[in-house]
Amino acid sequence: MELNQIRYFISAAHYNNLSKAARILNITQPTLSKSISNLEEELGIKLFDRFGKKIRLNECGKRFLENAENSVQELENAVAAAKNRTAGPSLYLGLFLHSDRFMRCLGDFSKANPDLSFQADHLSIASRNVDINEFDMLLYPGNPLFQKYKGYMIYSDPYYLAVHKSDRLAGKDVAHLADVSGRKVIFIKNDGKLFDLPYHMCINSGIRISAGIFTNSPEVQRLLISDNCGVGFVPKSESGVYAADPDTVLLDVDEGGLSRDIMIGFKREKHLSAEGRRFSAFVRDHFGI
């Protein structure tokens, strides 16, 4: 099976007309017909129902088309990534969380190294088992899910209490854990089983919660708070969208220890490229590690 066969098949499937598809592909109709026939023979199935000069995907063809398009797209992405890698030095960064302070550091490094390209990918909690050596650097929260990375704490990220603008707490400057006693609280529960730090702080402090709403999505938490369905704790580094919501008020929490550690880890020194070592040194100096 050749890549051109797949591309020819996709074009024929889109146009439902061999003559038109052949013109678009800049090949002859017999060449296109022969390519599709060879593909069907190799697969051992018919992909089209034929009606004279017209063709129409059958059920087997529809299923194959979806997979074929995905495969071609992945291959083209891989080719583009390979070309990008050869275009100049680059860094590959994995981000399990958002951090304004880290992004400012990354921006400063980029300005100081204008010829250096990098890719920064957001990673879900479900991707926590990735090998750190797949990336030049990982940014992650300091919780037990990520202990294996053995990185460095770059700063401590305090939590706000987010409430609806009509809430009785909205007029305060500072909230306390005791203020959520007897309230409905919307907690973040990562990976379906690991509760975020504020939940443990409330339980360990003997705070009675009237009802808990649990989600692994900060966006769901934000929308529920904005709809006055409860209150919730929000890390300062991820509070921008909450602060921009006119129906939500953010309060400082006057409780020691209600903050999460922001961690950074690098692949093993012997595996770091010269650019990776330069970036590592820059970050360590920026955060005083």
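**Helix packing**

Author: Helices H1 and H3 are roughly perpendicular to each other. This is a predicted model, and what follows should be read as a description of that prediction.

Reader: At what angle do H1 and H3 pack, and how far apart are their axes?

Author: Helix H1 covers residues 3–15, and an angle between 65 and 115 degrees counts as roughly perpendicular. The angle between H1 and H3 is about 110°, and their axes are 9 Å apart.

Reader: Which residues make the contact of H1 with H3, and how many of them are charged?

Author: On the H1 side the contact is made by Gln5, Ile6, Tyr8, Phe9 and Ala12, and on the H3 side by Leu32, Ser35, Ile36, Asn38, Leu39 and Glu42. These residues divide into 7 nonpolar and 3 polar, and the number of charged residues is 1.

Reader: Which residues of H3 take part in the contact with H2?

Author: From H2 the contact draws on Leu18, Ser19, Ala21, Ala22 and Leu25. The residues of this contact divide into 6 nonpolar, 3 polar and no charged. On the H3 side, the residues are Gln29, Leu32, Ser33 and Ile36.

Reader: Is Glu40 buried or exposed, and with which residues is Glu40 in contact?

Author: Glu40 lies in helix H3, and its relative accessible area of 4% is the reason why Glu40 is classed as buried, the cut-off being under 20%. Leaving aside neighbours within four places in sequence, the contacts of Glu40 are with Ile45, Lys46, Leu47, Phe48 and Arg50.

Reader: How far apart in space are Ile6 and Val72, C-alpha to C-alpha?

Author: Ile6 is found in helix H1 and is buried, with a relative accessible area of 10%. Although Ile6 and Val72 are 66 residues apart in sequence, their separation in space, C-alpha to C-alpha, is 7.9 Å.

**Rings**

Reader: What kind of pair do the rings of Tyr92 and Phe135 form?

Author: A search of the whole structure finds 10 aromatic pairs. The ring centres of Tyr92 and Phe135 are 4.6 Å apart and the planes meet at 35°, so the pair is tilted.

Reader: Where in the chain do Tyr92 and Phe135 lie, and how many residues apart are they?

Author: Tyr92 is in strand E3 (residues 90–95), while Phe135 is in the loop between strand E4 (117–122) and strand E5 (137–141). Phe135 is buried, with a relative accessible area of 3%. The pair links distant parts of the chain, Tyr92 and Phe135 being 43 residues apart.

Reader: How far is Val231 from Val163, C-alpha to C-alpha?

Author: Val231 lies in strand E11 (residues 231–235) and counts as buried at 1% relative accessibility. Beyond four places in sequence, its contacts include Leu161, Val163, Val185 and Ile225. Val231 and Val163 are 68 residues apart in sequence, and their C-alpha distance is 4.9 Å.

Reader: Which residues does Gly182 touch, not counting those up to four places away in sequence?

Author: Gly182 lies in the loop between strand E7 (174–175) and strand E8 (184–190) and is partly exposed, with a relative accessible area of 30%. Its C-alpha atom is separated by 5.6 Å from that of Arg208, 26 residues apart along the chain. The residues touched by Gly182 are Arg208 and Ser210.

Reader: What is the phi value of Asn26?

Author: Most residues other than glycine have a negative phi. Asn26, in the loop between H2 and H3, is exposed, with a relative accessible area of 70%. Its phi is positive, near 65°.

Key: Residues numbered from 1 in each chain as written. Predicted model: local features only at pLDDT ≥ 70, side-chain atom pairs only at ≥ 80, totals over all residues. Heavy atoms only, no water. Contact = heavy atoms within 4.5 Å. Helix = DSSP H or I, 4+ residues; strand = E, 2+ residues; numbered from the N terminus. Nonpolar A, V, L, I, M, F, W, Y, C, P; charged D, E, K, R; others polar. Phe/Tyr/Trp six-rings, centres within 6.5 Å; stacked < 30°, edge-to-face > 60°. Buried < 20%, exposed > 50% of the residue type's maximum accessible area, 1.4 Å probe, protein only. Axes fitted to C-alpha atoms, helices over the stretch in contact; angles between N-to-C directions. Parallel < 35°, antiparallel > 145°, perpendicular 65-115°, else oblique.
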